[in-house]
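Please read the following points beside the sequence and the structure. They take up the secondary structure, the ligand site and the backbone in turn.

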Amino acid sequence: MPSATPDPSPPRIVLGVSGGIAAYKSVELLRRLRDAGFHVAPVLTPDATRFVGAVTFSALASEPARTSLFGDTVTPIPHTHLGQGADLVVVAPATAHLIARYATGLADDLLTATLLATRAPVLLCPAMHTEMWEQPSVQENLATLRRRGVMVLGPESGPLAGGDVGAGRMAEPEAIFELVERIVRGYRGPLTGQRILVSAGGTREPIDPVRVISNRSSGRQGHAIAEVACRLGAAVTLVTTVDLELALDVVRSVDVVRVATAAQMHDAMLERTGESDCVIMAAAVADFTVTSATEKLKKGAGTPQLSFEPTADILHDLVAKRHAGQVIVGFAAETTDVAANALAKLRSKGVDLLVVNDVASPGVGFEHATNEVILLDRDELAETVTLRSKSAVALVILTRVASLLAQGAP
Ligand code: CTP
């Protein structure tokens with residue numbers, strides 16, 4: 001059912017359909033998008049119309065389905081009209097051929113011309129046989145597009161046309177619909193209106209042009225905090241040392257700042273703390289940096305003498321610069337005397353919340369998908385968050401942050 005009170009300016013979706021059997025599922029996606037109040041303009045490649053007729057799409061869409069690069073008197077240049085007006089272009093199914101044409105910048109039909117003419121986010125939902133999906137050429141084309149900021153959902157594994165089973169099934173219309181909704185409408189939640197600055201990953205201190213001293217932090221807990229904060233409605237900046245891909249529903253919303261060394265992370269965090277309502281220092285920052293050699297240290301020159309010097313404590317400087325109402329969360333990685341060390345760290349760091357990791361425990365902290373932490377608050381009260389995914393741990397931390405922000409932290 002179309003929504004009872006139509007949005008006066010509903011988000012505009014261009015629904016691209018290329019020539020694969022999964023085109024029949026796009027009709028369901030179109031219907032779902034229309035029911036949710038989106039303005040949907042279908043664009044079919046000539047091959048798509050061999051699977052499902054344009055009339056079917058036209059009957060359900062907000063405007064007639066288009067198949068030709070050449071317009072009419074009302075819309076003489078349809079690709080620029082569609083591309084410039086779109087809030088999102090979703091291509092479902094995206095065939096190997098469509099992906100290749102898009103990756104190389106070909107514009108030989110209305111859909112590829114629209115893809116080149118838009119600055120809106122683009123979501124591709126590939127569908128093809130497993131052998132095609134696994135071709136290095138297809139994977140390289142997708143990697144190129146991903147690098148350019150194109151989002152790719154699926155494919156899934158399951159029964160394929162022709163009776164065989166494998167990777168290549170288009171994502172289900174409901175999953176595509178949910179992602180489209182999240183991308184276009186964003187999230188609202190307990191952190192709506194809050195600006196959260198998160199650090200993640202281990203810093204890398206160069207010894208010479210080829211070697212670094214680092215630590216085993218994967219960055220996954222910090223990235224999970226950034227993703228979950230975004231889903232709770234926050235505007236998130238992530239200062240990170242690692243290149244982990246963020247989830248598709250938030251990838252365009254999180255502002256990512258890449259750094260490597262403790263000094264770079266220090267500058268990036270201190271520059272942005274003034275405009276943040278909450279800062280979460282999940283990064284594993286080197287306590288010492290090395291005076292880096294300008295040329296590669298040669299083996300034959302004997303055992304190198306490294307000269308260390310302490311780095312600035314970023315958390316300390318953030319706390320010193322804290323503005324009224326700002327919430328600051330620190331992390332503690334401990335291997336021995338966890339409770340005593342954590343308490344001492346809480347007192348010395350002056351944070352509102354300390355997330356304590358016993359990194360010597362199985363399944364905890366560095367390099368794991370799971371984590372178990374103790375949350376220590378200003379009143380020195382401890383809450384154990386038992387072993388769970390890093391996203392689930394992030395949710396507990398951010399629920400505490402939301403409540404601290406609501407109380408108006410000191
Ligand atoms: N931290 C920081 N700047 C540093 C070192 C640490 O901001 N130069 C932050 C971490 O991001 C973390 C908290 O301080 O939020 C505690 O880090 P941790 O490594 O557990 O403790 P340290 O302060 O380094 O103390 P120690 O190594 O003695 O345990």
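1. Helices (H or I, at least four residues) and strands (E, at least two) are DSSP runs, numbered from the N terminus. With that naming, Asp337 belongs to the loop between E16 and H12, and its phi is near 40 degrees, a positive value in a residue other than glycine. Most residues other than glycine have a negative phi, and most peptide bonds are trans.

2. On the basis of the note: this is a predicted model, in which local features need pLDDT of at least 70 and side-chain atom pairs count only at pLDDT 80 or more, while totals for chains, interfaces and linings use all residues. Residues are numbered from 1 along each chain as its sequence is written, and side-chain values use heavy atoms, with hydrogens and water left out.

3. The ligand is surrounded by 16 residues, of which the closest are Ala283, Leu315, Phe331, Lys345 and Lys349; a residue is near a molecule if one of its heavy atoms lies within 4 Å of it. This shell divides into ten nonpolar, two polar and four charged residues, where Ala, Val, Leu, Ile, Met, Phe, Trp, Tyr, Cys and Pro count as nonpolar, Asp, Glu, Lys and Arg as charged, and the others, Gly among them, as polar.

4. Which atoms of the protein lie at 2.9 Å, 2.8 Å and 3.0 Å from an oxygen atom of the ligand? They are a polar side-chain atom of Asp287 at 2.9 Å, a backbone N or O atom of Leu315 at 2.8 Å, and a backbone N or O atom of Ala333 at 3.0 Å; a polar contact with the ligand is a pair of N or O atoms within 3.5 Å. Of the 570 Å² of accessible area that the ligand has on its own, the protein covers 77%, with areas taken from the Shrake-Rupley method with a 1.4 Å probe.

5. The ligand sits in the largest pocket. A pocket here is an open set of points on a 1 Å grid over the protein atoms alone, where a 1.4 Å probe fits, with protein on both sides within 12 Å along at least five of seven lines, and a molecule sits in it if more than half of its atoms lie within 2 Å of its grid points. Two or more residues of the shell come from each of helix H11 (314–320), strand E16 (327–334) and helix H12 (338–349), and E16 gives the largest share, four residues.

6. An open sheet of five strands has the order E2-E1-E3-E4-E5 with parallel pairing, where two strands pair if DSSP finds at least two bridges between them. Its edge strands, E2 (39–44) and E5 (151–152), each pair on one side only. Six bridges link E1 (residues 12–17) to E2 in the parallel sense, and Gly16 stands opposite Val43 in E2.

7. Strands E6 (residues 156–159) and E7 (residues 165–169) run antiparallel and are joined by four bridges, with Ser157 opposite Ala167 in E7. Their hairpin has five residues between the strands, and Gly162 takes a positive phi near 100 degrees in it.

8. Two peptide bonds deserve a check against the model. The bond joining Ala92 and Pro93 is cis, with omega about 0 degrees, and Pro93 lies in strand E3 (residues 88–94). The bond from Gly154 to Pro155 is also cis, with omega near 5 degrees, and Pro155 is found in the loop between E5 and E6.

Technical notes:
Polar contact = N/O pair within 3.5 Å; in protein donor to acceptor, adjacent residues only side chain to side chain. 1 Å grid on protein atoms, 1.4 Å probe; cavity = no way out; pocket = protein on both sides within 12 Å on 5 of 7 lines; lining within 4 Å.
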